Amino acid sequence: MNFDWEFNGLPLHVLIVHAVVIVVPLAALCAVLTAFWPAGRRRLGVVTTLVALAAMVLVPLAVQSGEWLQSRLVNVSPLLGAHTSLGRTLLPWTIALFLVTTLQWIWYRYIAAPGARFASALQSRTGRRAVSIVLDLVVLVSAIGSVVTVALIGESGSRAVWTDLFTS
């Protein structure tokens, strides 16, 4: 399928990237709050997982629209090539963030919470604490990894655009 990634003359990549820059760090923040702030965990609930899902869906759209845009450029600079390569590294981070926030939601809602439906699945308090710590650490790693990757991609993209504008 050949899709025209343009709206009203503006490349959709620009719009989608702005959504990614907001949604990925928001998902990471919600995941970290859920991991380390019990009151936030109760308030956020499944919202964290849904925001992470939105991030995971937006990233391939940003990549596809960026590749479409790059295919229409006359001169592709090494800076733009670096940006494109970095752009492809975000999807694994957002998949990890979505998966871990899904596990996190299931764990804290159905297993680890006092009186949870499946609390009897792991009766050992030490075992529940160990699983919580490991899960929270994986959340932290995936949150930091996804935010750092977004920042690196954004910086490389802006460097490619602005450097090319002023050196042409």
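Helices (H or I, at least four residues) and strands (E, at least two) are taken as DSSP runs and numbered from the N terminus. The model is predicted: local features need pLDDT of at least 70, side-chain atom pairs count only at pLDDT 80 or more, and totals for chains, interfaces and linings use all residues. Residues are numbered from 1 along each chain as its sequence is written, and side-chain values use heavy atoms, with hydrogens and water left out.

Helix H6 gives the most to the lining of the largest pocket, with nine residues. That lining comprises 32 residues. His-13, Leu-80, His-83, Gly-157 and Val-161 lie nearest the centre of the pocket. At least two lining residues each come from helix H1 (12-36), helix H3 (47-71), helix H4 (78-87) and H6. The space in the largest pocket is about 870 Å³. A pocket is an open set of points on a 1 Å grid over the protein atoms alone, where a 1.4 Å probe fits, with protein on both sides within 12 Å along at least five of seven lines; lining residues have an atom within 4 Å of a point. Its volume is the space filled by probe spheres set on the points, which are joined across faces, edges and corners.

Helix H6 (residues 125-167) also supplies the largest share of a nonpolar surface patch, six residues. The patch is made by Phe-36, Ile-133, Leu-137, Leu-140, Ile-144, Val-148 and Leu-152, and covers about 630 Å². Patch residues have over 30% relative accessible area and no salt bridge; nonpolar side chains (Val, Leu, Ile, Met, Phe, Trp, Tyr) are joined within 5 Å, like charges within 9 Å. Areas follow the Shrake-Rupley method with a 1.4 Å probe, and for residues only the protein chains shown count as cover. Ile-133 is placed in helix H6. Its relative accessible area is 45%, so Ile-133 is partly exposed (buried means under 20%, exposed over 50%, partly exposed in between). At 30% relative accessibility, Thr-163 is partly exposed.

Two salt bridges are found in the whole structure (a side-chain nitrogen of Lys or Arg within 4 Å of a carboxyl oxygen of Asp or Glu). Arg-88 pairs with Glu-67, their closest N and O atoms being 3.1 Å apart. Arg-88 lies in the loop between H4 and H5 and Glu-67 in helix H3, so the pair ties together parts 21 residues apart in sequence. Arg-88 is partly exposed at 46% relative accessibility. Glu-67 is partly exposed at 33%. Glu-155 forms a salt bridge with Arg-159, with closest N and O atoms 2.5 Å apart. These two residues are four apart in helix H6, and therefore separated by about one helical turn. Glu-155 has 35% relative accessibility, and Arg-159 has 45%.

Helix H5 (residues 90-111) has 22 residues and should span 32 Å at 1.5 Å a residue (expected span: 1.5 Å times one less than the number of residues). Its end C-alpha atoms are 30 Å apart, which agrees. Buried residues of H5 include Leu-97, Phe-98, Trp-107 and Tyr-108. Leu-61 is in helix H3 and is partly exposed at 31% relative accessibility. Leu-61 and Phe-7 are 14 Å apart, C-alpha to C-alpha, and 54 residues apart in sequence.

Technical notes
Buried < 20%, exposed > 50% of the residue type's maximum accessible area, 1.4 Å probe, protein only.
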